[in-house]
Amino acid sequence: MIIRRLTVEDLPRLRQFWRENWGDEFVVAHGMIYRPDTLDGFIAFDGDEWVGEITHAFSGNDCEIVSLDSLREGQGIGTKLINAVVEEARKQNCRRVFLITTNDNLNALGFYQKRGFELVKIYRGAVNESRKIKQSIPLIGENNIPLRDEIELEMMLK
Ligand SMILES: CC(C)(COP(=O)(O)OP(=O)(O)OC[C@H]1O[C@@H](n2cnc3c(N)ncnc32)[C@H](O)[C@@H]1OP(=O)(O)O)[C@@H](O)C(=O)NCCC(=O)NCCS
C-alpha cells in the first residue's frame, strides 16, 4: 500500500467517492461547506485501486481533517492516513489538528481517541442544521443512533 498526496487529477474520483460514501459531493461541518477542490489530502493505493482517502484544510494555525475513509478496515490504512496529515500539520507549524465527527460514529470516536485525539466540544443539534444544507444526511446514523450532534476532537501539536 502506498500513500500519496491528493492531486487535481484525483478530484473526479474523490467527488464520486464522497457521493457513494457520504451522500453528496460536499461535506458540511460546523455550518461550513467543504468541496474536494478546496482541500489538501492524501490517497491510499493498493496498485491502482483506492483503498483510502483523507482530506484536510488549514485555517490559521489549525489543521482540520475534513474526511477520512478506509475501504479495507483493520489493516492500518486509517492510521497511516492520519499520520500523514499530522506530519504535514507539524511541517506547517500548526498548533493543533482537529476534526468533527458525529454522535453516532462510535467507531470513529474510539479510533481517534486511541490515536491521541481528545474530545473537546459537543455541538448539540449541529447535524440537524447541516441537514438543512445537505438533505442526504440521514436521520438515523451508524449503530442505529439518531444522528444529531457534532463532536469536536483535537490533537495539540505544541
Ligand atoms: C475510522 C476508519 C477510517 C478507520 O480506518 P482503518 O483503516 O480501519 O484504521 P486502522 O486499520 O488503522 O485501525 C483500525 C483498527 O485495526 C487495527 N489494525 C490495524 N492494522 C492491523 C493489522 N495489520 N492487523 C490487525 N489489526 C490491525 C488497529 O489496531 C485498529 O484497532 P484499534 O483502533 O483498536 O487500535 C474506518 O473505520 C472508516 O473508514 N470508517 C468509516 C468512515 C468514517 O467513519 N470516517 C471518520 C469520519 S470522521
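Biologist: What pattern does the chain follow, read along the sequence?
Modeller: This is a predicted model. Its secondary structure comes to 4 helices and 9 strands. Read along the sequence, these elements follow the pattern β-α-β-β-β-β-β-α-β-α-β-α-β.

Biologist: What is the radius of gyration of the chain, and how does that bear on how compact the chain is?
Modeller: The C-alpha atoms fill a box of roughly 35 × 35 × 30 Å along the principal axes. For 158 residues the globule rule gives 15 Å, and the chain comes close to that, so it is as compact as a globular protein of that length. The radius of gyration of the chain is 15 Å.

Biologist: Where does the ligand sit, and how many residues surround it?
Modeller: The ligand sits in the largest pocket. Among the residues around the ligand, the closest are Glu73, Gly76, Thr79, Asn105 and Lys114. The number of residues surrounding the ligand is 20.

Biologist: Which helix gives the most to the shell around the ligand?
Modeller: Four elements each supply at least two residues of the shell: strand 6 (62–70), helix 2 (77–91), strand 7 (96–102) and helix 3 (106–114). The top contribution is 4 residues, and it comes from helix 3.

Biologist: How many residues of the shell around the ligand are charged?
Modeller: By class, the shell has 6 nonpolar and 9 polar residues. Glu73 and Lys114 are among the residues closest to the ligand. The charged residues in the shell number 5.

Biologist: What is the distance from a ligand oxygen atom to an N or O atom in the side chain of Glu73?
Modeller: Polar contacts are counted within 3.5 Å. A ligand oxygen is 3.1 Å from a polar backbone atom of Gln75, and one is 2.6 Å from a side-chain N or O atom of Lys114. For the side chain of Glu73, the distance is 2.5 Å.

Biologist: How much of the ligand's exposed area does the protein bury?
Modeller: Taken alone, the ligand exposes 930 Å². The share of this area that the protein buries is 66%.

How values were computed:
Residues numbered from 1 in each chain as written. Predicted model: local features only at pLDDT ≥ 70, side-chain atom pairs only at ≥ 80, totals over all residues. Heavy atoms only, no water. Near = heavy atom within 4 Å. Polar contact = N/O pair within 3.5 Å; in protein donor to acceptor, adjacent residues only side chain to side chain. Areas by Shrake-Rupley, 256 points an atom, 1.4 Å probe, with all protein chains shown as cover. 1 Å grid on protein atoms, 1.4 Å probe; cavity = no way out; pocket = protein on both sides within 12 Å on 5 of 7 lines; lining within 4 Å. Sits in = over half its atoms within 2 Å of the grid points. Nonpolar A, V, L, I, M, F, W, Y, C, P; charged D, E, K, R; others polar. Rg over C-alpha atoms; globule rule 2.2 N^0.38 Å.
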